[in-house]
Structure formats: C-alpha cells, structure tokens
Amino acid sequence: MYIKIDKLTKKIKGTTVLDDISIEMQGGRVYGLSGHNGSGKTMLMRTISGLIVPSSGTVDIDGKILGKDISFPESIGLLIEYPAFVNGYTGFRNLKMIAGIKNKIDDARIREAIESVGLDPDDKRTFRKYSLGMKQKLGIACAIMENPDIIILDEPVNALDEAGVGRVHDILEECRQRGAVIIIACHDREELNLLCDEIFKIESGRITGHEKV
Amino acid sequence: MKRFRNWFFTYAVAVIAAMVDQVYSFNRLELRGIEPCALDGVVLYSFNLRSLVLPVIMVYAGLCEIKYSFTPNVIVRQKSRAASWYRQVLMCYVKCAGVMAVLMVCSGIVFYALSGRYENFHSLRSIMFDEFQKNGYVMPDSFNVPVMILQSFLINSLELFYRVLAAMAFYWITDSQVFSVILTVVMGVLAPDRMTIYRIGNPYYTGYEYKYTELYSPYLYIKSLVFVAIWIFALLFIAHIAVSRKNFLKRYI
C-alpha cells in the first residue's frame, strides 16, 4: 500500500489552499502533518480522502488515480475536524449504520472497535449526550473499525484524557503493524514525535519541511 | 429514529393538510353546482398540495437526510459522487410517489365520505361531463378507472418530484439549506405545471380545462408527461456536471 501525491494544487475561490505538493507515503508507517491553523493540513487530508477534487496534480493510491480510476480510496477510515454522527442514535447504532454501507464487518467487530477506544458498546446514551472526549473516541472507533488500509486522523488526541491518549497510541501501533498508511495532523509537536515515523511541515499550503523521527 | 421521525412528520403533515384542503375543495365544487365523487378526489384534487406546501415539507425532510449522507465517514464509503447522487434521486422519487399515493387515498376517502359516490361519469353535473362538453369531446360510454388513476399518479408524483429534485440539486451544488428551501417556494410559485397555468399577477389561476380530457387523450397526456420529463432531465443534466466535481468542505451535521 502506498500513496503518491504529485504536484497537487487546490484553489478555492481564487485562493491557493494547497500549492504544488509532492509527497510519498508507504504502508506500515505513521506520517504526521504539522503546521499552524489554516496552513492546509486538513485540506490535504480531505484531498487524500477524496472529499476534495484537486485543481491540478494527482493522488495515486496503490496505482489508482483518485478522481480518475476511483472517486474515494477503496479502504479508508477517517476522523476529520469533528466526529459527525447522528445525535439521536447511540454510539453502537451510529457505527452500525456506517458499517452497513460497505457491509464488511459484523456487530462483534463494531463492539470490539468501540471497546478498544474505551467506550461501552451497550451504553444507552445517545451521541448528543456524549462528552467531547467520548465523541472523539467514537470518531476514532469509526475510523479503525473496518481495518482500513489508510487511516486519516485530524487532531486525534484532542479532548482525550491520559488513558485515552495511551489507547490511541496502542491502536495506531496495531494499525501500523498490519501495514496501514496512517496520517495524523496535530498541533502538539511532542505528540507527533511520539506517534510518527515521518513529519511533514506545512505552511500556506506548501510543504516546507520533512523530517524522519 | 430520527429518519423515521422526519418521514412520519412529512406524511402526517401531508395527510392532515390534504384532509383539510379536500373538505374545502369539495364545498367549493358543491357551491358551483357540481356533484363531485370519490374519483374526482383521487384523480384531480389529490394534486392540490403538491405545488407549494408538500414540496417544502419534503425538501425539509429530504435535506436532513442529505446532510447526514454528506458527512465524511458516509461519503468516503460510497462508490462515487454520482452513485451517491443518483441513489438519493431514486429515493427522492420513491418518497414523492409514496406521499402522492397517500394523498390520493386520503382525497378519495374525504370525497367519498362527503359525497357517498365512487363515480358519476354520466351525471349532467359531474366535473367530467362538464369538461368534455366544454372541450367538444364526445363523452365515452366507459372509462378504465384503474388506468386513469395510474396515469394521474404518475404525472402528479413526477410534478412533485421535479420540485424536490430542484432543491436537492441546488443543495448539492451550493451546500445551502436555506436557499434550497427558498428555491422550492419559488419553484412552487413560478414553475408551471399542467393544472396551474401561470399568469402574471395571478400565479394560482387554475383554469386548466383538460383535467379529465388529458387522461382520456393519449396525445394530451404524453404532451404533459414530456413537459415534466424535460424539466427532470434538464435538472439531472445540470446536477450531473456539478456533482462529479463536488468538494465536501462544509461541516454538514
């Protein structure tokens, strides 16, 4: 599994939000994106996940060009900006509904994913009544439940307590070992250093730095 | 539960509004010296709400669902943008057809309860007789009632569908729920349909004189159907171009 981004540029209403980005990512590694607010981290994640169509350049996922051969990566789990679920459903029901789109996993795997982030799959509270940290955990459970080849997490440890952060580390290690490409955006440089193998620095939509941890 | 609530709300409002509206329609007809029957309710008066009231209710309920389907976790699990759009279009027609069927049944029940007649083809005071006389058609000896009902159902559901479809397409293109609902209201007022002839200053001039004749004459019926089809295909064509390059930027839910 690999992701190859070649000369990717995205303009929105005349503003260049991603500017001539070329990077390569391999399976079994964790990649970090660091940068200020509005530097283009989330936009790059949205482009890799197919939510945004590039103005020019290509995103090649395992030999398939995004937007040409495929509209969205065939196996992807993501948490971008905010965990978006139906407020009136329980955590389990929300994930079950999303899992029903591809129908690749059973209830046991959904329960396992919810438990792995430290939530109770039998919790009768609806998503509306979840705390910020619980919402974040459910978002992570949703991203990993189908064992995807690409995992994109935007600020995954936001609002999590210490135990929660530890669980995220364990989960990401598991995903790394099974060969997934993991992309994480985070403001906290220390957290990125702990989690990632390589870190890309983004400023004004451009890659301005690349270091191996 | 939320989905169920949305659609229950849609159907409940449609049914209550239809029941109230049909009682008024029935009384107006009687005041004009016409003897309505259950068939008039099913075939003609079931359409009354589909220009303005019903599309707004359906668009509201529909947009709530579209918003959910635009969340990143749902979108990236779809095959393509177009597949997601056409699935929503299909579901939209199924829901429009469902609401129209409910309205036709309710209108028929109200008209039957008030008149006690299933049909009155040969009464000199029936809507059909009055219309055929005015249009210079010879009143046929018999009618195929199920076919008439099916014809009416098809064209009414399609006329409701293209109004809701316009709002859906607009939402896909602009991401604006408020403007999509406003567009539906504008479509309800301005977009012509076969029963409401648009006149400047009086958009609700219901002077259409081929209500039954149209169902009897294949030429008139197909003409009306083609008119609706042109609207639908034009909307689908515009939407197809926009949908394939849509950027999912907003936080939808």
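This is a predicted model: local features need pLDDT of at least 70, side-chain atom pairs count only at pLDDT 80 or more; totals for chains, interfaces and linings use all residues.

Student: Which way do the residues of β3(A) point?

Tutor: The general idea is that side chains in a regular strand alternate between the two faces of the sheet. In β3(A), V30(A), G32(A) and S34(A) point one way, while Y31(A) and L33(A) point the other way, and all are buried.

Student: In what order do the six strands of the open sheet lie?

Tutor: The order is β6-β7-β8-β3-β9-β10 in chain A, and the pairing is mixed. The edge strands, each of which pairs on one side only, are β6 (76-79) and β10 (206-212) of chain A. Neighbouring strands of this sheet are turned against each other by 15° on average, direction ignored.

Student: How many bridges join β6(A) to β7(A)?

Tutor: Four bridges join β6(A) to β7(A), residues 150-154, and the two strands run parallel; within this pair, G77(A) stands opposite I151(A). Helix α4 of chain A, residues 132-144, packs on the sheet and touches β6 and β7 of chain A, its direction making about 165° with that of β6(A).

Student: Which strands does helix α1 of chain A lie across?

Tutor: Helix α1 (residues 41-48) lies across β3, β7, β8 and β9 of chain A, and runs at about 155° to β8(A).

Student: Let us turn to chain B: is F132(B) buried or partly exposed?

Tutor: A residue counts as buried if 20 or more other C-beta atoms lie within 10 Å of its own. F132(B) is partly exposed, because 18 other C-beta atoms are within 10 Å. This residue is found in helix α6 of chain B, residues 127-135, and, leaving aside residues up to four places away in sequence, F132(B) touches Y137(B), M139(B) and T213(B).

Student: How many residues does each chain give to the contact?

Tutor: Chain B gives 21 residues and chain A gives 19 residues. On the side of chain B that touches chain A, ten residues are nonpolar, five polar and six charged.

Methods:
Residues are numbered from 1 along each chain as its sequence is written. Chains are lettered from A and ligands numbered from 1 in the order in which they are written. Two strands pair if DSSP finds at least two bridges between them. Axes are lines fitted to C-alpha atoms, for helices over the stretch in contact, and angles run from 0 to 180 degrees between N-to-C directions. Two residues are in contact if their C-beta atoms, placed from the backbone, lie within 7 Å. Ala, Val, Leu, Ile, Met, Phe, Trp, Tyr, Cys and Pro count as nonpolar, Asp, Glu, Lys and Arg as charged, and the others, Gly among them, as polar. A residue is buried if 20 or more other C-beta atoms lie within 10 Å of its own, exposed if 12 or fewer, and partly exposed in between; C-beta atoms are placed from the backbone.
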